[in-house]
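Me: I am new to this structure and would like to know what its labels rest on. Please answer each question with the value and the cut-off behind it.

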Amino acid sequence: MATPTDATSACQTNTILKEFKEFDDTKAGVKGLVDCGIEKIPEFFIQPQELLPKSSEVAPPSLQVPIIDLEAIHKDADSYKQIVQELKQASESWGFFQLVNHNVPKALLDEVIKGIKEFNEGNKDVKEKLYSRDIKKKVSFASNLNLYQMSAANWRDTLNCLFDDSLDPTDIPLVCRDAFMKYRENLLPVAETLYELLSVALGLPSDHIRGMNCAKTQIFVAHYYPPCPEPQLTMGTSTHTDPSFVTFLLQDSLGGLQILHDDHWVDVTPIPGALVVNIGDLLQLASNDKFKSTKHRVLASTRGPRISLATFLVPAFDKKKPFGPIKELLSDKNPPLYKEVLATDYLKSYVSKGLNSSALSYFKL
């Protein structure tokens, strides 16, 4: 028999879902709220107190995310080994690092940020036509992709582009199409280099990860974080890990990204021209927990807009080829910690769970 508490909880849930739908139906996103001149955020953006940042958890400024410099990668064997060792340490203990001297021109990075800004601040009809929560769509725009699985919404809007063999580039909004295509063209060789280094860091042949086709599909997730009138009550992006093999993040100069390291939240301070790289859930799974997929979040701010582009590199969505711990890393002393999973099934689990818990736990043996 339902109790009064159950009835109250159900009523609150229905109210939140109704507010979510009303917001969703505007197809204007968070920026639409800001454009209306709101001074207080809607209640459904207010995060539970336990999920909001606490000053006691912030790391001292001396604690910095590792920087991996690729400038000397082809200089000599010792330089190569040094880069591999630094990458190994960063991937094992941090799960995050900033990549510099990667050969993607800074002018192109700036062009990408500009294109995302112009899309979000430009023609509203273009955004409305793209507005969708269907993860099968190659190009879509939405505010909070998994809105209906969240206890509270995040203060951001997102343009998604799924690059695979069937994407029609003309589906990408014109204001950022050329920049996105050029950026992808320049980023893929960097990913190939990174996969080589990660393979060697795991004690595998240099072409091992590349042979797993773990960059076959790229998902561009372009976030736009408008200025927030009450940033202390909400989040730009809630605490989460990434459903990728590896993620490359291009961020603007505003900052706000934090990662969880040794129970402290560490700022990922923007470095001009750098790309932030993090180990995704699928690489933690493939490495059998050798490398670490780290929790991270983005703070809301009165400043803005903050703009970023996350590129999720994932295996091909092959319905017949499961993905699991790399067999060459396994032994009697290091048995598999995860069962094999299709990349599509992992992504579905990730989207359905909401941001605040890891989908990796679903596939533990």
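Me: What makes the contact between the side chains of Lys21 and Asp25 a salt bridge?

Reply: The model is predicted, and in it the N to O distance between Lys21 and Asp25 is 2.9 Å. The cut-off is a Lys or Arg side-chain nitrogen within 4 Å of a carboxyl oxygen of Asp or Glu, so the pair qualifies. Both residues lie in helix H1 (residues 4-26), 4 residues apart, about one turn of the helix.

Me: Why is Lys21 called partly exposed?

Reply: Its relative accessible area is 46%. Buried means under 20% and exposed means over 50%, so Lys21 falls in between. Asp25 has 48% relative accessibility and therefore also counts as partly exposed.

Me: Which residue forms a salt bridge with Lys88, and how far apart are the closest N and O atoms?

Reply: The partner is Glu92, with the closest N and O atoms 3.0 Å apart. That is within 4 Å, so the term applies. Lys88 and Glu92 both lie in helix H3, 4 residues apart.

Me: Why is Lys88 not called buried?

Reply: Lys88 has a relative accessible area of 21%. Buried requires under 20%, so Lys88 is partly exposed. Glu92, at 27%, is partly exposed as well.

Me: How do you know that Glu196 and Arg210 form a salt bridge?

Reply: Their closest N and O atoms are 3.5 Å apart, and the limit is 4 Å, so the pair counts. The pair links distant parts of the chain: Glu196 is in helix H6 (residues 174-201), and Arg210 is in helix H7 (residues 208-211). Glu196 is partly exposed at 23%, and Arg210 is partly exposed at 32%. Elsewhere, salt bridges that share partners join Lys88, Glu92 and Lys290 into one network.

Me: How many salt bridges are there by this rule?

Reply: The count comes to 15.

Me: What makes S1 and S3 edge strands?

Reply: The open sheet has 8 strands in the order S1-S2-S10-S7-S12-S5-S4-S3, with mixed pairing. Strand S1 (67-69) and strand S3 (139-142) each pair on one side only.

Me: How do you know that S1 pairs with S2?

Reply: There are 3 bridges between S1 and strand S2 (residues 96-100). Pairing needs at least two bridges, so S1 and S2 are paired. The two run parallel, and Ile67 stands opposite Gln98 in S2.

Me: Which strands does helix H3 lie across?

Reply: Helix H3 (residues 77-93) lies across S1, S2 and strand S10 (275-279), at about 155° to S1.

Terms used:
Residues numbered from 1 in each chain as written. Predicted model: local features only at pLDDT ≥ 70, side-chain atom pairs only at ≥ 80, totals over all residues. Heavy atoms only, no water. Contact = heavy atoms within 4.5 Å. Axes fitted to C-alpha atoms, helices over the stretch in contact; angles between N-to-C directions. Buried < 20%, exposed > 50% of the residue type's maximum accessible area, 1.4 Å probe, protein only.
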